[in-house]
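Hi everyone, thanks for coming.

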There are 4 protein chains.
Amino acid sequence: MIIVTTPDSTEEQVQHIIDRIKEWGLKAEVSRGAIRTVIGVIGPEDAIRERPIAAIPGVESVTPVMKPYKLVSREFRGGNSSPVKIGNVAIGGDDVVIMSGPCSVENKQQITSIAADIKQAGARVLRGGAFKPRTSPYSFQGLGEEGLRLLAEAREETGLPIITEIMDTKHLELIEKYADCLQVGARNMQNFSLLKEVGRSKLPVMLKRGMSATIADLLMSAEYILAEGNFNVMLCERGIRTFETYTRNTLDLNAVPVLKRETHLPVVVDPTHGIGLRDHIPSMALAAVAAGADAVMVEVHNSPELAKSDGEQALMPEEFGDLVQRIRKVAEAIGRSA
Amino acid sequence: MIIVTTPDSTEEQVQHIIDRIKEWGLKAEVSRGAIRTVIGVIGPEDAIRERPIAAIPGVESVTPVMKPYKLVSREFRGGNSSPVKIGNVAIGGDDVVIMSGPCSVENKQQITSIAADIKQAGARVLRGGAFKPRTSPYSFQGLGEEGLRLLAEAREETGLPIITEIMDTKHLELIEKYADCLQVGARNMQNFSLLKEVGRSKLPVMLKRGMSATIADLLMSAEYILAEGNFNVMLCERGIRTFETYTRNTLDLNAVPVLKRETHLPVVVDPTHGIGLRDHIPSMALAAVAAGADAVMVEVHNSPELAKSDGEQALMPEEFGDLVQRIRKVAEAIGRSA
Amino acid sequence: MIIVTTPDSTEEQVQHIIDRIKEWGLKAEVSRGAIRTVIGVIGPEDAIRERPIAAIPGVESVTPVMKPYKLVSREFRGGNSSPVKIGNVAIGGDDVVIMSGPCSVENKQQITSIAADIKQAGARVLRGGAFKPRTSPYSFQGLGEEGLRLLAEAREETGLPIITEIMDTKHLELIEKYADCLQVGARNMQNFSLLKEVGRSKLPVMLKRGMSATIADLLMSAEYILAEGNFNVMLCERGIRTFETYTRNTLDLNAVPVLKRETHLPVVVDPTHGIGLRDHIPSMALAAVAAGADAVMVEVHNSPELAKSDGEQALMPEEFGDLVQRIRKVAEAIGRSA
Amino acid sequence: MIIVTTPDSTEEQVQHIIDRIKEWGLKAEVSRGAIRTVIGVIGPEDAIRERPIAAIPGVESVTPVMKPYKLVSREFRGGNSSPVKIGNVAIGGDDVVIMSGPCSVENKQQITSIAADIKQAGARVLRGGAFKPRTSPYSFQGLGEEGLRLLAEAREETGLPIITEIMDTKHLELIEKYADCLQVGARNMQNFSLLKEVGRSKLPVMLKRGMSATIADLLMSAEYILAEGNFNVMLCERGIRTFETYTRNTLDLNAVPVLKRETHLPVVVDPTHGIGLRDHIPSMALAAVAAGADAVMVEVHNSPELAKSDGEQALMPEEFGDLVQRIRKVAEAIGRSA
């Protein structure tokens, strides 16, 4: 950690800063410049990361040297990746995995028909919401346990493992009975109670980036889950909020190579929510693969205009089939498979 | 709702759109332009707000005419405000109410001393966190029930009603035993399970705006609480996330007059988190009052450099006392009191 | 254009709106709802786009139906693309064109050596700045005419056509003597005097998206150039400003498919400035091609740590050569060449 | 400047960094930690600010210690402010100055009538655009020299000094003949050619913050003007671009106390463009004064619905008169006058 003093800091203030550092068990290395003094703090930075050093009189800025995340960092795995398994599908290896399904589970016919279609087209994981986070209290809120049951039936018929969203700590036990993977949505990325709870689950977790979460915030939220003992975590880029209004969100593909560098966790991209415009989802899915994503998640519906949620951004099964073919070509072009 | 078709939409597509609108029980008024067709949907817009109309082939854009929020809208109260009471303190009337206290409750001495200081200075509500949402799992997470107990003791000694944050649906019953007002934090603004739960509480709720939440999002989240029957809701602007890095967040005072126009709920401003720089908090608190805020919430600590959280942005009690005096003058200048 | 009135608008106000519309030569179609009145304006929207209709008492919202851009719109070309030629290199056809070169021209040895290297590796257009927009007045501001002369010499030696930035209307004549293509930088995207000036040039223009420009803003700025008669315009996505601080900017690849849909102009992507981190530029370049970019522009320097500008984000010639090979594979995977 | 190495940096890389620092004439102070090495650079930071140190192999991060701006910094004036005079009106002293006028000069009757009205109400500087930066090439672009002439006539009649926008280096001489103060608009904040040109003028300059400019960017752009010798510069906050769509821009009042701390230059706030909604401009003007602004600029039109630009956000003269009264009360409440 590097502390820089204000131009008008007094000698007593500088000494007080040094004393505090020593009190906390670290060493201070002091360089006095013509205008400001620079104090390098030597020793384990974690010990003082939480201290409000900037509140000490005479301090102008405090710059950490170490990253605040540990368990999720690539260094923690010695530079290696750590693939995650959903059922028997490994994410984070050479294969680019395609996950698909409807936004919400609506009824048996809908979910089993879509599951069969996407399986046929090449998807390897089935998604579908039973508990839905909706902006409006008057919108369809999901079928709850009935939705989970229907998902399990679709798994029975197709063999596809299932991923579904958890919104409340109270639902963990229930969802664990049915699902193969838990999803924590963008709006709950900093619901720390929920993060701790899924950190105690045996199931793998896909953590979606919040709409205004920096990459560092996302990693810190993942750190919560690993800190509770669950290392089977995937990170999902799904669009951030910017000033652009043409697209629903701004899918931030820059996060893909950055995350691959910073963490050993697999990286998933969700172009559906990311750009939010049906016609442009395939382009963004291909770009995600070229950028290095380990998996892509794309919403499909067999009758978008009658969907109970997000119909505007669902692909039709045949469009999805076409996209899978194109993804395979791009994956091969960069030396992977799909 | 107004539907505009694409330039290349066919007559059949237009007819299909009209048929759907009739199916849903509304009336379509069609204006055929040279290039695009405009379809006005007449009737209760709520009936079709959730329909994925943009997914219907031939549709270019869908523009709602009605606001998506109802219970929170100013129109719902016939243009009047609806003050909320925390204990016996009314927020949303002529008085500008000042709330204060430390970020976290740390120990008995700390909270009772600060409570006495801020009461003396002119604060009318005591804040303090027992359950803390922290970016890092390694940071101080709050004292939990012990913190609530200490808050209640500080209320006993000072008479100040207390507001504290709830982070998990499981904690509602516990917190209700101690608090006078619940706070839903920015990171949980779209934790819809939590919103429903506090909507069933007898306590008033202060809902903070999420870091990337639009004003409309904030109103929709409040709508969740009112829809469950709890109309004692205050909205709190506490800074949004922008590209600016000098300040911790960008306190968006524009939201104050906009909210006062759109909703009957009282508006609170939290300059402490909003700008996040101790020296500049007083300026923003004064600006908040001038902009029309019904209350301001300012963090105070008696020993900022030893605080367990947010010490960098806490005022000292004497600085707070000085600020209260200045707030009173500005409040009077705009015809209110404080 | 669709005008919606406020709930409390009076009959006289509605009539006044209708009268204004008629005065302006258009037709008003009025639908009176229970709460608001909706007025559809029939006729050429351009005639009233600039009118401050929202300033008329009783108006709640004004929604345009037509796009504000004309000459740049895809419809204007009947849905076709219009490739642009820099020297004899066509951009916007089946080939994905690779442009490269240093940030700034520094001296003869530097520019001719880099030009030879990138030509050899597969680049087809040479970039290099002679007039540099720098955040600080104390930074290297470019060699001016000397830089242009050196660029022309590098063209002589390699046959690569050159693109260079224009920052001031006063420099047009000078730059036209040397360059094959003008670049208008992100910071000048809404320098309307400059746009008009380059609109009167015979040279093609590459217009970069401003850091906070929406896609619609970018198209409107291009419209300025076309409106002056110069239709040889390319648009360049180069990163927008968001809250993310890990990357220098947020390269917005969502803009690629959107622009390809909205306009007939070719789309270039600049991953160098877009992500601003040397190690991650190749991933973003590949993603740009997969997303559908017609060209990519990548900065190369033969001695980045001694570069006079942007050394942190320049690739070495051998890294660039490797990237070109990978771009070719991805281009082929999506049915193009490079 | 503080350089931190990557965890895997070699001893040779560290030595190479130290050698470079010495080559550049500075001293390196090296602290070897368990994982990373921290190198403090001692000496005048300006000498190496422009060096691409991050491009040197083994470097993980580079943190400047000094501010990049000099002439504009508050320290440069020993902590004092430096008021600017427009005609005989001083901005930056105890008085809060109110500037007003229409967006564009439209004709003689319009400008002289508005000028008389605002003078009467209490405005002390007249604004009005003769060269207008408009998003669309089809919008009214201003009257040019004729507009300047009309402004000068309005000054003749009212005695109010005038401020008007310059968009092109070619127009400086012309505008200098008529105006008392130059305005550089938000879209030209990083038009460095223009900044240098106005830096050579004898007239004072009001520099508006760009829509995506950080506070540091704004100060660096001002530095360009001072570096050319013109120290009569005011900075103007006029709204930044965020994700919020209810308001036209997000007026960032946080910038006011921050700028007052960082620079000796006066700070102006433009709530008209900042929030962009007529009804809410007064609230934001009052908040700007409470936050510490030295001047506010508010647009007024005598017939907003017929205005040639920005009619939606112009106050009527009587609304403006009322606002001036309210501003005076708030100014007094914080110990200033208006």
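Let's start with one pair of side chains: B:Glu197 makes a salt bridge with A:Lys170, and the closest N and O atoms are 3.3 Å apart. By salt bridge I mean a side-chain nitrogen of Lys or Arg within 4 Å of a carboxyl oxygen of Asp or Glu.

Before going further, a word on the ground rules. This is a predicted model, where local features need pLDDT of at least 70, side-chain atom pairs count only at pLDDT 80 or more, and totals for chains, interfaces and linings use all residues. Residues are numbered from 1 along each chain as its sequence is written, chains are lettered from A and ligands numbered from 1 in the order in which they are written, and side-chain values use heavy atoms, with hydrogens and water left out.

Back to chains B and A. How many salt bridges are there between chain B and chain A? The count is six. The interface of these two chains also has 28 residue pairs in polar contact, both residues at pLDDT 80 or more. A polar contact here is a pair of N or O atoms within 3.5 Å; within protein, one must be able to donate a hydrogen and the other to accept it, and residues adjacent in sequence count only if both atoms are side-chain atoms.

Which parts of chain B reach over? Helix H1 (11-23), helix H5 (192-199) and helix H6 (215-227) of chain B each give at least two residues to the side that touches chain A. The largest share, five residues, is from H6(B). Helices and strands are DSSP runs numbered from the N terminus, with helices being H or I of at least four residues and strands being E of at least two. Sorted by class, that side of chain B has 19 nonpolar, 13 polar and 16 charged residues. For the classes, Ala, Val, Leu, Ile, Met, Phe, Trp, Tyr, Cys and Pro count as nonpolar, Asp, Glu, Lys and Arg as charged, and the others, Gly among them, as polar.

In all, 48 residues of chain B are in contact with 48 residues of chain A, contact meaning heavy atoms within 4.5 Å. Together chain B and chain A bury about 4300 Å², with 48% of it on carbon and sulfur atoms. Buried area is the accessible area (1.4 Å probe) that two parts lose on being put together, summed over both.

Now turn to chain C and chain A. This contact takes 37 residues from each of chain C and chain A. The buried area is about 2900 Å², and carbon and sulfur atoms give 67% of it. On the chain C side, C:Phe243, C:Tyr246 and C:Asn254 lose the most area to chain A, together 22% of what that side buries. Between chain C and chain A the count is four salt bridges. C:Arg209 forms a salt bridge with A:Glu244, with 2.8 Å between the closest N and O atoms. The largest share of the chain C side, six residues, comes from H9(C).

Over all chains, the structure holds 108 salt bridges. Find B:Arg36, which forms a salt bridge with C:Glu75, the closest N and O atoms being 3.3 Å apart. B:Arg36 sits in the loop between strand E2 (27-32) and strand E3 (37-42) of chain B, and C:Glu75 in the loop between strand E4 (59-63) and strand E5 (84-86) of chain C, so this pair joins two chains.

Last stop, the strands of chain D. Four of them form an open, antiparallel sheet in the order E2-E3-E1-E4. Strands pair if DSSP finds at least two bridges between them. The edges are strand E2 (27-32) and strand E4 (59-63) of chain D, each pairing on one side only. E2(D) and strand E3 (residues 37-42) of chain D pair over six bridges, and D:Ser31 has D:Val38 as its bridge partner in E3(D).

Chain D also has a barrel: eight strands close in the order E7-E8-E9-E10-E11-E12-E13-E14, with parallel pairing. Within it, three bridges join strand E12 (residues 233-237) to strand E13 (residues 267-269) of chain D, and D:Cys236 stands opposite D:Val268 in E13(D).
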